[in-house]
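Subject: Structure for your review

Dear colleague,

Please find below the structure that I am handing over to you. My findings follow directly after it.

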Amino acid sequence: MNILVLNCGSSSVKFQLIDTDAEKIKTDTDRRLAHGVIERIGGPALVNFSVQNADGSQRTTREAVPLRDHSAAIEKIVQWIISPETNISGISTYSDIAAVGHRVVHGGEELTRSLIITDEVIKQIEDCIDLAPLHNPQNLKGIYAIRKVFGGTAQQVAVFDTAFHHTLPDYAYLYAIPYQFYRRHKIRRYGFHGISHRYVQYRYRMLKNIPRDTVNVISIHLGNGASVCAIKGGRSQDTSMGMTPLEGLIMGTRSGDIDPAVLEHLAHKEGFSLSDVEAVLNKQSGLLGISGLTNDMRELVAEAVENDDRRAKLAIEMFAYRAKKYIGSYLASLNGASAIIFTGGIGENSDYVRGRILDGLDWLGITPDEALNKATTRGKEGKISAESSRLEVYVIPTNEELLIARDTLRCLIGLELPR
Ligand code: ADP
């Protein structure tokens, strides 16, 4: 079955077309047929689409076209997928796309599993806009656009980034503020990157050939956004992002953990409003704010290694130190774990940053193998810890789209969802 997976941002749509079915999930043989992104929707948009050839190579199409909104962008994607020139085997009409799976950022307390999208589910996603004003409206645009493009006939499924964390115990998800604010406004930790953390724990289980209930690991997703997840028995037990994706690790442009009293102080000193301060913490902080150079870790590593840039070095040191603190605290909260797993753009590709994070943890039983660490980049999956290491360390490239496609299929044909 061909599933279209969509990830809609404010001015972009990313997609993958994935061929999956129950047997392919079981044998791990489902595969990506095409993928792409449209950026700068609303103006002269940039289109970048690729289709897989039978021999594994890709054919890529790039163009700039005016696309006024998400509907126009999604129409463009679907037209390209079904066009004879794209020539994807078995796909020539709308009905060859069996369903659409959407990444939806916030499901709140109610939407704790992947669901077929009905009017009622749309209303529930709308109700969560309050908790994710930057993300849920964009995800909804994608859902409305599919209804428009397919004329209401397409089956759609929502897969929530928060859902994996619904197993957090109350002592982990509550903030120590008056309880009535949780009751009245649902102020609590929800956690994000759940699709990615869930995927890597699944892959780890496959690699080790062990049952889900025995998966006790710490998953570290380091991309532009970054979060750590403490996983016990295959379920999320704690996570570093909070009510919003601002809490926790240092990220590309986000501060992560900070003393909340800084907010008022900074507002007072700089004459900022509260939303100005929030914008500073979300958009001008993190690696960008510390280095004064960039939020791109690749550039920072180059500046640190090649030019010995002091602030680039400081930004990386702070980034690694914060991640290391979370490893220590989650090992304690899990009462031990069997593995640490790195994923996300930085976690998958930067042996340098992984090395900085793991440095000095031998006493805890975490000993990286330098050669394996160095060799495991660019999409490679595998163990990077030494044989002598008590805890294993893995790099597992994330694949959120595959998980969304599989959940979409499961919802469609009534297969049980892994919880
Ligand atoms: P997003 O959260 O937007 O999905 P990604 O997971 O793609 O982000 O991660 C993007 C980050 O990964 C960027 O900071 C980028 O510089 C970093 N990155 C990618 N490759 C490397 C590399 N070889 N070394 C260091 N950082 C890298």
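Helix 2 and helix 4 lie oblique to each other, because their packing angle is about 60 degrees and angles of 65 to 115 degrees would be needed to count as roughly perpendicular. Please note that the model is predicted. Helix 2 spans residues 70-82 and helix 4 spans residues 136-149, with 9 Å between their axes. The crossing of helix 2 with helix 4 is right-handed. On the side of helix 2, the contact is formed by His70, Ser71, Ile74, Glu75 and Val78. Their partners in helix 4 are Gln138, Lys141, Gly142, Ala145, Ile146, Lys148 and Val149. Sorted by class, this contact holds 5 nonpolar, 4 polar and 3 charged residues.

Helix 4 also packs with helix 3, which covers residues 119-127. The axes of helix 3 and helix 4 come within 10 Å and cross at roughly 160 degrees. Helix 3 is therefore roughly antiparallel to helix 4, as angles over 145 degrees are counted in that way. The crossing of helix 3 with helix 4 is left-handed. Asp119, Ile122, Ile125 and Glu126 of helix 3 meet Asn136, Leu140, Ile143, Tyr144 and Arg147 of helix 4. By class, there are 5 nonpolar residues, 1 polar residue and 3 charged residues in the contact of helix 3 with helix 4.

A further pair consists of helix 12 (residues 310-333) and helix 14 (residues 351-358), whose axes are 8 Å apart at an angle of about 55 degrees. This angle makes helix 12 oblique to helix 14. Helix 12 and helix 14 cross in a right-handed manner. Helix 12 contributes Ile316, Glu317, Phe319, Ala320, Ala323, Lys324 and Ile327 to the contact, while helix 14 contributes Tyr352, Val353, Arg356 and Ile357. The contact of helix 12 with helix 14 comprises 8 nonpolar and 3 charged residues, with no polar ones.

As to the chain as a whole, there are 16 helices and 14 strands. The chain is divided into domain 1, residues 2-160, and domain 2, residues 211-395. The centres of these two domains are 29 Å apart, taken over C-alpha atoms. Along the principal axes, the C-alpha atoms of the chain fill a box of roughly 60 × 55 × 45 Å. The radius of gyration is 22 Å, which agrees with the value near 22 Å for a compact globule with 419 residues.

With kind regards

Note on methods:
Residues are numbered from 1 along each chain as its sequence is written. This is a predicted model: local features need pLDDT of at least 70, side-chain atom pairs count only at pLDDT 80 or more; totals for chains, interfaces and linings use all residues. Side-chain values use heavy atoms; hydrogens and water are left out. Domain bounds come from an automatic or database domain assignment. Axes are lines fitted to C-alpha atoms, for helices over the stretch in contact, and angles run from 0 to 180 degrees between N-to-C directions. Helices (H or I, at least four residues) and strands (E, at least two) are DSSP runs, numbered from the N terminus. Angles under 35 degrees count as roughly parallel, over 145 as roughly antiparallel, 65 to 115 as roughly perpendicular and the rest as oblique. A crossing is left-handed if the near helix is turned anticlockwise from the far one by less than a right angle, and right-handed if clockwise. Contact means heavy atoms within 4.5 Å. Ala, Val, Leu, Ile, Met, Phe, Trp, Tyr, Cys and Pro count as nonpolar, Asp, Glu, Lys and Arg as charged, and the others, Gly among them, as polar. The radius of gyration is taken over C-alpha atoms; the globule rule is 2.2 Å times the number of residues to the power 0.38.
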